[in-house]
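Dear colleague,

I am handing over the structure below, together with an account of what was found in it. Please read the notes with the structure open beside you.

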Number of protein chains: 2
Amino acid sequence: MISKNKIKFLQSLSLKKNREKYQQATLEGFRLIEEVANSETNIEHIYCIPKMIGIVSNNNLFNAYEKTMISEQECKAISETKNSQGIIALASIEKYSSNKIDNINNENILILDGVSDPGNLGTIFRNCIWFGIHSIILTENSIDPFNLKCIRSGMGSHFYFNNIVKENSKKIIKHLKKYNYNTLVADLNGENINNINYKNNWALVLGSEANGISSNFEAFKKVTINKIGNIESLNVSVASGILLNDLINKK
Amino acid sequence: MISKNKIKFLQSLSLKKNREKYQQATLEGFRLIEEVANSETNIEHIYCIPKMIGIVSNNNLFNAYEKTMISEQECKAISETKNSQGIIALASIEKYSSNKIDNINNENILILDGVSDPGNLGTIFRNCIWFGIHSIILTENSIDPFNLKCIRSGMGSHFYFNNIVKENSKKIIKHLKKYNYNTLVADLNGENINNINYKNNWALVLGSEANGISSNFEAFKKVTINKIGNIESLNVSVASGILLNDLINKK
């Protein structure tokens with residue numbers, strides 16, 4: 001049984017202000033919740049419809065979590081997706097609420113300047129974890145990474161981060177200079193990344209598809225991916241994957 | 001003025017069977033249509049609301065095309081998007097209707113096995129054109145690349161292809177053998193692509209995120225991208241971008 005108040009509370013987490021207030025977010029879909037359970041994140045509760053209870057109960061990853069059975073109608077009321085699988089988890093995002101930029105000073109970083117598409121942002125999170133990057137900084141005009149679309153395209157990668165920080169561009173730049181970061185900015189007019197030698201610690205900055213990099217980051221070294229064909233640009237999540245692969249795997 | 005029949009016709013192109021019957025597709029959004037106009041594709045007509053007519057008329061790329069002004073209501077009726085910009089183009093896709101696998105025998109190819117997410121498919125098309133790949137083969141269970149979501153995420157790249165072919169796996173494999181293609185299959189258990197020397201002509205095969213590669217392609221050499229972190233997989237459009245960059249730019 002789930003109370004009406006609890007349903008209201010879970011619904012309220014579709015809004016960023018409530019996720020920030022309660023430091024919790026909802027997750028939807030079996031594969032996503034399984035991946036997050038695997039990451040030692042605080043999943044606080046699992047809600048599922050009768051049809052899913054067998055699959056959920058037989059999965060060792062879910063043993064430790066409280067579970068509540070909900071009706072299909074209740075699930076529909078809570079779910080933000082069109083075709084819910086019938087499994088929703090409540091997860092703590094408290095770990096990221098106190099993240100400060102000063103925590104990040106001895107590791108490689110990805111910095112996103114105004115990325116606003118949740119699918120791209122989630123995919124970039126996934127790239128970071130694949131390549132072992134555990135700290136990301138978003139400029140203040142970026143989309144909230146804990147909205148469900150972003151979490152879904154991140155496929156659980158969010159919860160492997162040590163630091164997910166929102167900060168304004170000026171403070172980010174001050175920080176990069178203070179800690180002597182080798183900073184590279186992805187830009188179509190940059191130098192071919194093949195020709196560049198990277199030394200730790202580096203910071204890679206990517207802008208939004210619509211607006212590119214803001215003028216704040218103009219002064220840093222610009223890099224690009226060698227282009228053969230006619231199309232104007234690559235998708236930002238693809239570009240981040242290629243650049244991270246070059247930075248990490250081609251040393 | 002636009003007739004009711006024409007509105008109905010344009011609406012009908014949201015279905016694959018009608019796109020195939022009439023060999024036409026609709027495009028929506030200014031940037032997309034501009035990119036397609038740039039590719040020497042047959043844009044057959046531009047429909048736009050009064051607010052857009054100035055921008056459209058002042059753009060040299062659109063000079064050659066017939067234009068019809070439509071009301072916001074008519075635009076809403078035709079549009080497949082939630083928030084239409086008020087510009088829709090009708091484009092010929094006839095060029096691709098007669099594409100046969102036998103046309104592709106002396107160039108590098110990307111092969112997609114069952115990719116069904118339109119956003120991923122469009123992003124992969126964009127990657128191909130960036131890296132100078134002009135022929136793509138989709139297995140028969142793949143999504144139709146001319147649905148609007150796919151065209152939108154492709155950002156016009158569709159229209160730079162020489163060949164977009166749908167074929168069944170067995171015929172694809174026969175073709176690869178006949179023309180001595182060096183075939184690589186993306187697989188999490190494959191060899192690190194850094195260690196591989198590629199010779200033209202190569203074919204790169206990617207599977208769907210949900211199901212991976214079908215058993216038909218099992219016999220080919222498997223390659224993967226070196227992983228540092230904990231996440232299970234990369235997004236398929238990101239993986240294709242990284243592998244294409246390695247194949248094209250690291251020779």
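A crossing of two helices is called right-handed if the near helix is turned clockwise from the far one by less than a right angle, and left-handed if it is turned anticlockwise. In this predicted model, the crossing of α7(B) and α10(B) is right-handed.

The helices of chain B

Two packed helices are described by the angle between their axes and the distance between the axes. For helix α7 (residues 118–130) and helix α10 (residues 236–249) of chain B, the angle is about 15° and the axes are 8 Å apart. Because angles under 35 degrees count as roughly parallel, α7(B) and α10(B) are described as roughly parallel to each other. On the side of α7(B), the contact is made by B:Asn120, B:Thr123, B:Ile124, B:Asn127 and B:Cys128, and these meet B:Val236, B:Ser237, B:Ser240, B:Gly241 and B:Leu244 of α10(B). Sorted by class, this contact of α7(B) with α10(B) holds 4 nonpolar and 6 polar residues, and no charged ones.

The helices of chain A

In chain A, α6(A) and helix α9 (residues 236–249) pack at an angle of about 15°, with 8 Å between their axes, which makes α6(A) roughly parallel to α9(A). The crossing in which α6(A) passes α9(A) is right-handed. Here the contact is made by A:Asn120, A:Thr123, A:Ile124, A:Asn127 and A:Cys128 of α6(A), together with A:Val236, A:Ser237, A:Ser240, A:Gly241 and A:Leu244 of α9(A). By class, the contact of α6(A) with α9(A) has 4 nonpolar residues, 6 polar residues and no charged residues.

Between the chains

How much area do chain B and chain A bury between them? The value is about 3,400 Å², with 55% of it on carbon and sulfur atoms, and the contact takes 38 residues from chain B and 38 residues from chain A. Of the area that chain B buries against chain A, B:Arg126, B:Trp130 and B:Ile231 supply 26%, more than any other three residues.

Side chains of opposite charge can pair when their charged atoms come close. B:Glu209 lies in the loop between β9 (202–207) and β10 (221–224) of chain B, whereas A:Arg126 lies in helix α6 (residues 118–130) of chain A, so the pair joins two chains. The salt bridge between B:Glu209 and A:Arg126 has its closest N and O atoms 3.1 Å apart.

Key. Residues numbered from 1 in each chain as written. Chains lettered and ligands numbered in written order. Predicted model: local features only at pLDDT ≥ 70, side-chain atom pairs only at ≥ 80, totals over all residues. Heavy atoms only, no water. Axes fitted to C-alpha atoms, helices over the stretch in contact; angles between N-to-C directions. Helix = DSSP H or I, 4+ residues; strand = E, 2+ residues; numbered from the N terminus. Parallel < 35°, antiparallel > 145°, perpendicular 65-115°, else oblique. Contact = heavy atoms within 4.5 Å. Nonpolar A, V, L, I, M, F, W, Y, C, P; charged D, E, K, R; others polar. Buried area = accessible area lost by both parts, 1.4 Å probe. Salt bridge = Lys/Arg side-chain N within 4 Å of Asp/Glu carboxyl O.
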